[in-house]
Amino acid sequence: MEEETVRVAGGGGEASVEQIEKGGMSEPQEEAVDQTIQELIEAVEFVTGLGDFRQTLRKECFSLVRRMKLLLPLLEEIRDLQGPIPSSAVRSLSNLKKVTAWAKKLLDCCQNGSKIYLVLEGEAVMTRFHAIYDKLRQALEIMPYDEMDISDEVKEQMEFMRVQLKKVKKRTDTQDIELAMDIMVIFSKQDDRNADIAILERLAKKLELHSVADMEVETEAVRKFVSERGGQNSEGTEHVIDLLNQFRQIVGLDKTDCVENPVVPKTLQKCPSLHIPSEFLCPISLEIMTDPVIIATGQTYEKSSIQMWLDSNHRTCPITRQPLAHISLAPNYALRNLIQRWCEVNNIMLPEKMIASTSSECCSVHNEEITSLVQNLSSNHLEEQRKAVTKIRMLSKENPDNRIAIAAKGGIPPLVHLLSYPDSKIQEQTVTALLNLSIEEENKKAIAKQGAIPAIIDILQKGTVEARENSAAALFSLSMIDENKVLIGSLNGIPPLVDLLRNGTIRGKKDAATALFNLSLNNTNKATAIEAGIVPPLLDVLGDRNLGIVDEALSIFLLLVMHPEGRSAIGKLSFIETLVQFIREGTPKNKECALSVLLELSLSNSSFVLAALQFGVYEHLAEISRSGTNRAQRKANSLLQHMSKCEQV
């Protein structure tokens, strides 16, 4: 039989367990163990000092930090012991050292890593958390507390933590589900609706990626992530880069492949050894400026870059993040002359100044015209009102500046008033205009505050086909604010959405499903949706794959099964069989979603596991665990582990 050994840090070599039991450790080995304990204490103190974690998984980070902090009293008591410690304690300390190293690496990822990676690969990161919890529990179980005369208080603390670690379950946070749904819509690229653009903006806000400075930090984090993965060939890596570039475009930055390191500005690539004064470079494009302009905060940018930032509806300085008192751009003639002279001295040929495009000016409308249109919304002439609301609908769709200007000129109150006008065409145009305006966060609040939601719900029930569809999309957009979720639910907005899901057109069903998902993030609304009969039409959606919203339906089911009434309403044999069918023959995304629902059901009641087994799920889980997508593999493995536990009971 091979002799068991325990390697300890600090260059003290290896001490066999047999040697320790027979004659104790030598002095160098004791010093090595002392050093291991000290390193452990320092590592735990370092971990407990961490903070400012990313929004995603922040709760899990603080939970891990709190648990690691509980180790300090134990380690300090072991450090203060007189004489050698038992071999099992050496093994436990060695394992704790590994666990602490893993915890440091994981927490560093959650503190300094890519925010986009954390949201896209949230489940994989959660798996790392739970692996640490398992190893921590195992290390504490072999610690010989009595042999070392550890105090009762510390022993009780360790026992309590060990029990708690054993109970930790892999639950999906509602916010993480919302983020996952947002990403699903973004990557589906099936519908270029303004409400979908709002999803991207909401995601950027939640991840705190809404300024140039934020994006530069995130770009470096993604570049490091891609480098660690050795390239960008995997699907997950491509998704990270794709989403990064969508966010970069929002703030007015160019796309990047995140593989090559930052390069010398394009205009100076032929002379990379030349030192360029930093004040000559635009903070946004990192290119040498040819037309520097000063904004309200006194910062200087390349005109085209800052204009793109402003056209993306930003009203803050990209560097200082201070609100802009105005959006006028003043030419920085002094700096431009300095740059030109420097280029002449160093024989640098700058590109000729491009003729500014007037396309953005064509999209924007003079304030006087918007003022006139807003006034015409309250005209006594029906035709004037129709023309005004139609023009406002078009303008609010085309340009973000217009959405802000229309609201600033008082356009929202008369539009809300027109929702109740007894003219179907005006209602249709008005609800669509409000849908477009609601993309802006402040407009969402203003529209709800003006009492639009009851009227939108009424149109959802009685309006034309297109008006009903756009009413559902408007409720979805407005429900991105939590208080509006509650308001829509309390105003009985869920039943007509369920009816649209049941009887609407393909587009109407898609709009209803997206809105119902958003609303069901609220726990009270889950019960309301179940009571309104959401389950049968959702099952019908699952049966009609031509609709293209199977994943959305399964995502709603995932929310519903987290509610006791939801599990009761849908936890039937026919539904379990449907889930198994998707696990067997669905698209990769279908399989991921179906596995998530089945796992959630199985964790709540083992009878669902037995039902799934009867429908032959086991062989499909085994196959997915070998060849499925990363997310599907994790779900399949979790289900297989749970099934194994159920068989042992």
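Mentor: Start with Asp214. Setting aside neighbours within four places in sequence, Asp214 is in contact (heavy atoms within 4.5 Å) with Glu208, Leu209 and Arg321. This is a predicted model, where local features need pLDDT of at least 70 and side-chain atom pairs count only at pLDDT 80 or more, while totals for chains, interfaces and linings use all residues. Residues are numbered from 1 along each chain as its sequence is written, and side-chain values use heavy atoms, with hydrogens and water left out.

Asp214 sits in helix H11 (residues 212-228). Helices here are DSSP runs of H or I with at least four residues, strands are E runs of at least two, and both are numbered from the N terminus. Relative accessibility of Asp214 is 12%, so Asp214 counts as buried. Buried means under 20% relative accessible area, exposed over 50%, and partly exposed in between, with a 1.4 Å probe and protein chains only. Pro318 is 104 residues from Asp214 in sequence, yet the C-alpha to C-alpha separation is 9.2 Å.

Next, helix packing. Helix H23 (residues 465-478) packs on helix H26 (residues 506-519) at an angle of about 20°, with axes 8 Å apart. Axes are lines fitted to C-alpha atoms over the stretch in contact, and angles run from 0 to 180 degrees between N-to-C directions. H23 is therefore roughly parallel to H26. The cut-offs: under 35 degrees is roughly parallel, over 145 roughly antiparallel, 65 to 115 roughly perpendicular, the rest oblique. From H23, the contact uses Glu469, Asn470, Ala472, Ala473 and Phe476. From H26, it uses Arg507, Gly508, Asp511, Ala512, Thr514, Ala515 and Asn518.

Now the rings. There are three aromatic pairs. Ring centres (for Trp, the six-membered ring) must lie within 6.5 Å; planes under 30 degrees apart are stacked, over 60 edge-to-face, the rest tilted. Phe280 and Trp342 pair edge-to-face, 5.7 Å centre to centre, with 75° between the planes. Phe280 is in the loop between helix H12 (235-250) and strand E3 (292-294), and Trp342 is in helix H14 (residues 333-345), 62 residues apart. Both Phe280 and Trp342 are buried.

Phe557 and Phe575 have ring centres 4.7 Å apart and planes at 50°, so this pair is tilted. Phe557 belongs to helix H29 (residues 550-560) and Phe575 to helix H31 (residues 573-585), so the pair ties together parts 18 residues apart in sequence. Phe557, at 0% relative accessibility, counts as buried. Phe575, at 2%, also counts as buried.
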